[in-house]
Amino acid sequence: MSPSSFETAIHAIDKAHAHDPRKVQIEGTDEPYELYYSRKMSDYLEKCDPQAKETLRLAIRAQHLRRWEVPRDSYPMNKTGYHLWRTYLKKRQAELATQICLDSGYSEEDAHRVGALIKKENLKQDAETQTLEDVACLVFLDDQFEEFEKGHDEAKIINILKKTWGKMSQRGHELALEISMSERARDLVLKALAG
């Protein structure tokens, strides 16, 4: 039996993630960071929307596709540079994922839908785009926040948490409050939510 278009696309996405030279230790084994990240994204999608369509599942899995190839410091290290970097990455990652979907047998419409989701088009008006944003925020809070907050002052962290919270839906908020965090991280989240 030949693999489905979905299985073929997921395999191609994961194969690309496996080239990430950055490693993370998972149960004593080195794993490419983007492969780990994309699986964590898929895990959170299951919590947010276990009935998600294939196009959303693919966009979630490919959200950071080959991101390590365009490091943050390849753009100016200021707010403008950050936004230019993020905008370029979304476009690039959407194009790469769209091509994988086409190569895997998806229709033009479905392949371009995956790309639109990765670019987060119509955030707040499109329920699937909102789900992708929720999942990205949840993975940040669960996997990256505690390390990230160590490098910044409290006021900046609280501001970032407020912005993160503002991007999320009610369901995203509920899941965020279930995340196990250190006492300091939990205190920062509660300060951000208080005002």
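Is Lys40 buried or exposed, judged by its relative accessibility? Lys40 counts as buried, at 19% relative accessibility. Buried means under 20% relative accessible area, exposed over 50%, and partly exposed in between (1.4 Å probe, protein chains only).

1. **Basis.** This is a predicted model; local features need pLDDT of at least 70, side-chain atom pairs count only at pLDDT 80 or more, and totals for chains, interfaces and linings use all residues. Residues are numbered from 1 along each chain as its sequence is written, and side-chain values use heavy atoms, with hydrogens and water left out.

2. **Overall form.** The protein chain has 9 helices and 2 strands. These are DSSP runs numbered from the N terminus (helices: H or I, at least four residues; strands: E, at least two). Along the sequence the pattern reads α-β-β-α-α-α-α-α-α-α-α. Of the 195 residues, 46% count as buried.

3. **Lys40 and Asp142.** The whole structure holds 18 salt bridges. One of them joins the side chains of Lys40 and Asp142 (3.0 Å, N to O). This pair links distant parts of the chain: Lys40 sits in helix 2 (residues 33-48) and Asp142 in helix 6, 102 residues apart. Asp142 counts as partly exposed, at 28%. A salt bridge here is a side-chain nitrogen of Lys or Arg within 4 Å of a carboxyl oxygen of Asp or Glu.

4. **Lys191 and Glu154.** The side chains of Lys191 and Glu154 form a salt bridge (2.9 Å, N to O). Lys191 is in helix 9 (residues 183-194) and Glu154 in helix 7, 37 residues apart. Salt bridges with shared partners join Glu149, Glu154, Arg184 and Lys191 into one network.

5. **Within helix 4.** Glu95 and Lys91 meet in a salt bridge (2.7 Å, N to O). Both lie in helix 4 (residues 79-103), 4 residues apart, about one turn of the helix. Both count as partly exposed: Glu95 at 46%, Lys91 at 47%.

6. Most residues other than glycine have a negative phi. Asn122 has a positive phi of about 60°, and Lys124 has one near 85°. Asn122 lies in the loop between helix 5 (108-118) and helix 6 (127-149), and Lys124 lies in the loop between helix 5 and helix 6. Asn122 is exposed at 51%; Lys124 is partly exposed at 49%.
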